[in-house]
Amino acid sequence: MKNILQTIASTVIMLAGLTACDNGYKEFLNDNFAKGKVSDELLEEATPGAVALISCCLYYESELQKGIAAGQKWVYTNSSKYSPQNTSFDHMVESGKWGVNCAMPAGWAYVDMGILEEGMRFWGSGNGEFARYEKVKDPIEKAATITQLDGEKKFKELFADGSVKPGDVFLAKGHTFIYLGDDLFFAAGHDGKWHTDPEAQTEDPNHAVFETWLMPRESCINNDYKPTWKISFKEDYMPEFYRNAQGDLVRYP
């Protein structure tokens with residue numbers, strides 16, 4: 001009888017925990033910057049980590065659009081002279097230097113979510129290696145699976161064979177990009193939409209000034225890149241922080 005009572009008690013505690021978790025997850029989905037900006041199917045099917053990353057990226061895009069409306073020039077840059085490189089998105093904006101490159105949004109989102117500490121970053125090097133791998137491997141692997149790819153298949157081939165999930169971050173030769181889901185890339189390098197502005201303050205020879213970082217998959221150059229690494233969120237990873245409906249960075253319920 002004692003064992004039966006203990007089993008019943010354990011089951012009640014477990015169910016109560018699941019209900020609390022479920023309620024917290026519903027709150028997370030309902031009070032999320034991505035809600036209403038991506039399909040309901042994406043929010044329901046993506047992992048919690050992917051949803052948090054998507055909400056961060058959509059917030060960054062919204063701030064870009066606000067900046068453009070205010071007359072700001074958000075430029076492509078790889079130099080700390082034109083934008084702080086080892087920082088969070090919020091601190092970059094506060095600096096008054098609105099400079100971005102392809103690798104920065106993934107780092108921003110991972111810092112926002114509590115995966116990486118500010119100042120930690122990574123990117124796809126010119127030969128396709130995972131730059132700063134040893135420095136970021138351990139914290140990233142608590143949240144995601146890092147997979148080395150052969151660099152032979154184009155992204156569109158990986159997508160076609162079903163090995164791409166929303167929130168996946170891809171590294172390639174000299175490039176880093178994010179697949180958001182809903183057939184969209186988050187593209188903040190020369191893979192985004194930009195125009196040339198000779199007066200823009202940047203070392204970029206194209207003098208690229210961004211118009212948007214949300215790019216349709218089939219018309220974006222990322223579709224033809226051959227990734228060498230992929231980072232995918234684990235199914236059971238719960239983000240420490242995410243962007244709520246107002247865009248504020250809040251702790252997961």
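View 1. Of the 253 residues in the chain, 48% are buried. Bear in mind as you explore that this is a predicted model.

**View 2. The overall fold of the chain.** Here you can trace seven helices and 14 strands. Along its principal axes, the C-alpha trace spans about 80 × 40 × 35 Å. The radius of gyration is 20 Å, which agrees with the value near 18 Å that a compact globule of 253 residues would have. Among contacts with a separation of 6 or more, 65% join residues 24 or more positions apart.

**View 3. The largest nonpolar core.** This core holds 56 residues, and Leu-53, Tyr-110, Phe-122, Ile-140 and Ile-231 have the most contacts inside it. Helix 3, residues 48–69, gives the core its largest share, with eleven residues. Apart from this core lies another one of ten residues, including Phe-155, Phe-170, Met-215 and Cys-220.

**View 4. A closer look at Ile-231.** Which residues are in contact with Ile-231, once its neighbours within four places in sequence are left aside? Among them are the aromatic side chains of Tyr-110, Phe-122 and Phe-130.

**View 5. Charged side chains.** The chain carries 25 positive and 37 negative side chains. If you mark the centres of the two sets, you will find them 3 Å apart.

Notes:
Residues are numbered from 1 along each chain as its sequence is written. This is a predicted model: local features need pLDDT of at least 70, side-chain atom pairs count only at pLDDT 80 or more; totals for chains, interfaces and linings use all residues. Side-chain values use heavy atoms; hydrogens and water are left out. Helices (H or I, at least four residues) and strands (E, at least two) are DSSP runs, numbered from the N terminus. The radius of gyration is taken over C-alpha atoms; the globule rule is 2.2 Å times the number of residues to the power 0.38. Buried means under 20% relative accessible area, exposed over 50%, partly exposed in between (1.4 Å probe, protein chains only). Contact means heavy atoms within 4.5 Å. Lys and Arg count as positive and Asp and Glu as negative; His and the chain ends are not counted. The place of a charge is taken as NZ of Lys, CZ of Arg, CG of Asp or CD of Glu. A nonpolar core is a set of buried Ala, Val, Leu, Ile, Met, Phe, Trp, Tyr and Cys residues joined through side-chain atoms within 4.5 Å.
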